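Here is a short tour of one protein model.

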Amino acid sequence: MNIRLQAVTRLIQLAPDARLRGCEDACLPQRHAGVACSACSAACPGGVLKVSADGFDLAPGCLDCGRCAAACPTHALELGGFHPDCSTARSISPCIDCERVPPAASPAGALRVPCSGALRASQLLALANASPDGRVTILDRGWCAACTAGGATHPAAARVTEVNSLLDITPGKPARRVVLAHHPLPPSLRGRAARDPGLERPLGRRDFLRQLVAHTASAARPDPTPAAIGSSAPPDGRTRILPAERLALLQQLQNGTHGQPLHDGLLQQIEIGPGCCNQQVCARSCPVAALRPYQDEDISGVAFEPALCIGCGACAANCPEQALRLVPPPAPHALPATTRLSRHAPQSCFDCGAPFVPRGARGAGEDDDPRCPACEKSRELGRSLFAGLF
C-alpha cells in the first residue's frame with residue numbers, strides 16, 4: 001500500500017467575522033471518524049468551536065485568541081495574521097506580552113501575542129533553544145482573570161508546565177526555562193486585542209454585502225497564506241495526516257538535547273502478539289501512517305515509526321484479532337528508528353492452494369498440513385456434522 005503524508009498548506013476562513021482558519025483535510029475526526037480528537041473545542045474559552053466528522057462549526061462570538069490552533073496536533077487550525085517567528089536567535093532572552101498591552105508598555109523586542117495561550121509547545125521550545133540563556137519569559141499582566149479569553153487559571157500555565165517537564169531532562173540546562181513572570185499593569189491600560197484590519201472598520205450595507213461575497217468566494221479558492229494543499233484524500237484512504245505539532249516538538253527537543261534521551265511521555269511503543277494473521281487492518285486504520293505495511297521478498301508485515309505515533313489507539317481498536325496493544329516505553333531513551341513489528345511468511349493452503357498467513361503457533365496433535373482459515377472452518381464444520389450424526 002502506497003501511503004503519502006499530507007501537510008497543511010491551505011486553510012479557509014471559518015466565519016466572516018473571525019480570524020480563525022481551518023483545513024478539514026488535516027483534521028483528525030473529519031478525515032478519520034474513529035479518532036475522537038476534540039483538543040481544539042476543549043481549548044476554546046468561549047465554547048463556540050465544535051468539530052466532528054461533519055466539519056468545523058464556529059458559532060458567533062469567537063474571541064480570536066488562537067488557543068484552539070495551539071492545541072491542534074496536526075496544525076489544522078490557524079489564527080489569521082498570527083505567524084510568530086520563533087526560530088530567529090536573539091541577543092536577549094525572549095519575552096512574550098499580550099497584544100492588549102499598549103506598545104509603549106511592552107519591553108523592546110517583545111513578541112506580542114493575541115493570548116499567551118496561542119503559542120504551541122513547539123514554538124515555546126523553539127524560543128528557548130534560540131535564547132542565549134535558555135530562558136523564555138511570559139509576562140502576566142494580571143488581566144487574565146477578567147479577560148474573556150482568560151479565566152481563573154492563566155491561559156499559558158498548562159503549556160508552560162508541559163514544556164518545562166520536557167526540558168527537565170536536558171543535560172547542562174536549567175530545569176525550568178519558560179517562566180510566568182507577574183508584572184501587573186493597571187486595568188485602565190488594557191486595550192482591545194489586535195485584529196485583522198478588514199475586521200476593524202465599521203461597515204455600511206453595501207460594504208457588508210461586498211465583504212460577504214468576498215468571503216464566499218475565498219472559501220472556494222486557496223488562502224494566499226499559506227498556499228494550496230491540493231485535493232482531498234482519495235477514497236482509498238492512502239493519504240495520511242502529518243502530525244505536524246508532534247514532529248515540530250521532537251525536532252526542537254532534539255535540537256536542545258543534542259541526541260540525549262527524550263521524555264518517556266512523548267513516545268509510544270506497540271506490541272503485536274502471536275495472534276496476528278497479517279491482515280494489516282492496523283496499518284490502514286492509522287491516521288498518521290505510524291504503522292505501515294511492508295513487503296520484502298517472501299516476508300511481509302507491519303513496520304512502526306515512533307516519531308509519527310500520536311497514541312490515538314485506532315490500530316488496537318480495529319485489529320480483528322486484538323493482537324496489538326499500545327504500551328509505554330520502559331524508560332526515557334533516544335528516538336528509535338523505524339522497526340518491523342511483525343514478520344510473516346505466507347504458505348499455500350493444502351486444500352485449495354491459496355496463499356495465506358498462519359494464525360499463531362499450531363497446537364500439539366493438530367494436522368501438520370497448513371490450511372487457510374476458510375478451509376479450516378469447512379473441515380471443522382464437517383467434523384461437527386459427522387460427530388452429530390454418529
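## A sheet and its cavities

In this predicted model, four strands form an open sheet in the order β8-β7-β9-β10, and their pairing is parallel. The edges belong to β8 (111–113) and β10 (178–182). Each has a single partner strand, so one side of each lacks a neighbour in the sheet. On average, neighbouring strands are turned by 30° against each other, direction ignored.

Take one pair. Strand β7 (residues 95–98) joins β8 in the parallel sense over three bridges. Here C98 sits opposite V113 in β8.

Two helices accompany the strands. Helix α4 (residues 121–130) packs on the sheet and touches β7, β8 and β9 (136–140). The direction of α4 makes about 120° with that of β9. Helix α5 (residues 157–167) lies across β9 and β10 and runs at about 145° to β10.

How many cavities of 30 Å³ or more does a search of the whole structure find? The search finds six. The table sets out two of them.

| Cavity | Volume | Lining by class |
|---|---|---|
| Largest | about 240 Å³ | 14 nonpolar, three polar, six charged residues |

The largest cavity is lined by 23 residues. Nearest its centre lie C98, P114, C115, S116 and C144. Strands β7 and β9 each supply at least two residues of this lining.

How values were computed: Residues numbered from 1 in each chain as written. Predicted model: local features only at pLDDT ≥ 70, side-chain atom pairs only at ≥ 80, totals over all residues. Heavy atoms only, no water. Pairing = 2+ DSSP bridges. Axes fitted to C-alpha atoms, helices over the stretch in contact; angles between N-to-C directions. Contact = heavy atoms within 4.5 Å. 1 Å grid on protein atoms, 1.4 Å probe; cavity = no way out; pocket = protein on both sides within 12 Å on 5 of 7 lines; lining within 4 Å. Points joined across faces, edges and corners; volume = space filled by probe spheres on them. Nonpolar A, V, L, I, M, F, W, Y, C, P; charged D, E, K, R; others polar.
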